[in-house]
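Please look over the sequence and the 3D structure below. The report that follows goes through them part by part.

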Amino acid sequence: MTLAVALLSIGLASLVVLFAGPRMVAIADRLADVTGLGEAIVGAVLVGAATSLPDLVATVTPAVNGFPDLAVGNALGGVLAQTAFLAVIDLSYRRANLEHAAASLPNLMQAGLLITLLSTVLLLLHAPTVTIWGIHPGTIALPVIYLYGLRLVSMSEQAPMWRPRPTSETRSDEPDEQTATGPVVRSLILRFAMFGALLAAAGYALGRGGESLVAVTGLSQSMVGAFITGAASSLAELVVGVAAVRRGALTLAVGNVIGGNAFDTMLVGVADVAYRDGSVYSQVESDQTIFVGIALLMTAVLVMGLLRRQRHGIGNIGSESAIILVLYALGIGLVL
């Protein structure tokens with residue numbers, strides 16, 4: 001692609017993400033109610049995975065085409081952007097700090113899972129270069145940790161051993177409607193899948209556009225992946241989060257971001273499988289370690305915000321959200 005076509009491809013793909021995201025959250029909110037799964041689980045698993053489809057395709061495409069830094073940077077950049085977007089979502093909720101109103105044990109468990117996955121990626125980036133059929137053995141740990149973590153999140157939802165103290169500003173996850181019939185649930189799932197397919201197509205366009213930007217502009221793969229295609233493919237989490245807050249589904253909004261981050265971190269392992277010239281961990285630049293470190297810091301600050309539960313912060317944004325935005329800007333500054 002020429003530079004103009006690459007930018008147009010990224011722009012159109014971003015518009016598709018912005019179009020599909022809000023429509024998915026309305027369907028997901030209903031599914032959380034009629035299936036009885038709850039907003040935290042649906043937000044982390046269904047919405048988190050679906051809104052990460054652009055990240056998935058935008059990660060696999062450059063990995064297959066021999067752009068390892070772009071692939072890994074896109075996955076980790078999604079984590080950075082989505083956590084920063086949570087601070088923007090906080091701005092859209094005016095009654096109280098979002099970390100106060102949406103505090104829940106499942107969301108805290110998901111954040112713990114995310115920290116575990118990021119720490120595993122950090123170790124793999126510094127692990128010895130060993131491959132079996134072109135895949136690092138440590139990659140297997142990522143989906144195992146992810147699936148086991150989701151099981152723990154589900155258990156914490158069904159039989160919680162700890163609960164946040166309710167306040168006048170707390171928005172608990174209460175179903176708006178009763179359990180629906182099979183045809184209704186199937187219809188909701190089909191519509192959700194259709195919008196998911198749109199997001200996947202947008203991810204392919206972002207991946208190809210990112211490759212062209214690297215080739216035409218000379219920008220580093222990690223920079224383009226982390227702060228251009230990674231941020232663009234993560235716009236779904238932003239629009240879904242804002243739409244969820246407007247519907248009063250605060251737990252789903254936070255769960256979608258944290259769950260999407262966990263899924264995106266696991267995509268580093270997917271990039272290792274898709275990249276056929278050896279272990280992807282040994283091919284990336286040192287910038288990726290910076291991205292993991294910043295992501296860990298941002299997640300730790302978020303966890304402290306969910307535990308501290310500050311009612312009101314600085315103006316219309318919580319103190320933790322402000323710190324998260326500063327850390328995101330620091331990440332950009334460190335790789336410029």
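## Ser-14 and its surroundings

The side chain of Ser-14 comes to 2.8 Å from the backbone oxygen of Ile-10. This serine belongs to helix α1. With a relative accessible area of 12%, Ser-14 is buried, because buried means under 20% relative accessible area. The model discussed here is a predicted one.

Ser-14 also has partners from elsewhere in the sequence. Leaving out residues up to four places away in sequence, Ser-14 touches Leu-206, Ala-232 and Leu-235. Another position to look at is Gly-203, which is 189 residues from Ser-14 in sequence. In space, the C-alpha atoms of Ser-14 and Gly-203 are 8.9 Å apart.

Is Leu-15 buried or exposed? Leu-15 has a relative accessible area of 53% and is exposed, because exposed means over 50%.

Leu-15 is one of the residues of a nonpolar surface patch, which is formed by Leu-8, Leu-12, Leu-15 and Leu-18. Together these leucines have about 370 Å² of accessible area.

## The chain as a whole

The protein chain has 13 helices and zero strands. Of its 336 residues, 57% are buried. The accessible surface of the chain amounts to about 13,400 Å². Carbon and sulfur atoms account for 67% of that surface.

## The nonpolar core

The largest nonpolar core contains 93 residues. Its residues with the most contacts inside the core are Leu-80, Ile-89, Tyr-146, Phe-227, Met-298 and Tyr-328. Helix α11, residues 250–274, gives the largest share of this core, with 13 residues.

Phe-227 touches Leu-80 and Tyr-328, and also Phe-291, Gly-331, Ile-332 and Val-335, when residues up to four places away in sequence are not counted.

Ala-253 is placed in helix α11. Its relative accessible area is 0%, and Ala-253 is therefore buried. Apart from neighbours within four places in sequence, Ala-253 is in contact with Gly-241, Ala-244 and Val-245. Val-239 is 14 residues from Ala-253 in sequence, and the distance between their C-alpha atoms is 9.7 Å.

Ile-324 is placed in helix α13, which spans residues 319–335. At a relative accessible area of 1%, Ile-324 is buried. Its contacts, leaving aside neighbours within four places in sequence, are with Thr-83, Ala-84, Met-298, Val-301 and Leu-302. Ile-324 and Leu-86 are 238 residues apart in sequence, while their C-alpha atoms are 8.8 Å apart in space.

## The salt bridge

How many salt bridges does the count come to? The count is one salt bridge. The side chains of Arg-208 and Glu-211 meet in a salt bridge, with 2.9 Å from N to O. Side chains of opposite charge can pair when their charged atoms come close.

Both Arg-208 and Glu-211 lie in helix α8, residues 182–217. They are three residues apart there, about one turn of the helix. Arg-208 counts as partly exposed, at 31% relative accessibility, whereas Glu-211 counts as buried, at 7%.

Gly-112 is found in helix α6. With a relative accessible area of 33%, Gly-112 is partly exposed. The C-alpha atoms of Gly-112 and Ile-258 are separated by 9.7 Å, and the two residues are 146 apart along the chain.

Trp-133 lies in the loop between α6 (105–125) and α7 (141–158). Most residues other than glycine have a negative phi. Trp-133 is not a glycine, yet has a positive phi of about 55°. At 78% relative accessibility, Trp-133 counts as exposed.

Note on methods. Residues are numbered from 1 along each chain as its sequence is written. This is a predicted model: local features need pLDDT of at least 70, side-chain atom pairs count only at pLDDT 80 or more; totals for chains, interfaces and linings use all residues. Side-chain values use heavy atoms; hydrogens and water are left out. Patches are made of residues with over 30% relative accessible area and no salt bridge: like charges are joined within 9 Å, nonpolar side chains (Val, Leu, Ile, Met, Phe, Trp, Tyr) within 5 Å. Accessible areas come from the Shrake-Rupley method with a 1.4 Å probe; for residues, only the protein chains shown count as cover. A salt bridge is a side-chain nitrogen of Lys or Arg within 4 Å of a carboxyl oxygen of Asp or Glu. Buried means under 20% relative accessible area, exposed over 50%, partly exposed in between (1.4 Å probe, protein chains only). Helices (H or I, at least four residues) and strands (E, at least two) are DSSP runs, numbered from the N terminus. Contact means heavy atoms within 4.5 Å. A polar contact is a pair of N or O atoms within 3.5 Å; within protein, one must be able to donate a hydrogen and the other to accept it, and residues adjacent in sequence count only if both atoms are side-chain atoms. A nonpolar core is a set of buried Ala, Val, Leu, Ile, Met, Phe, Trp, Tyr and Cys residues joined through side-chain atoms within 4.5 Å.
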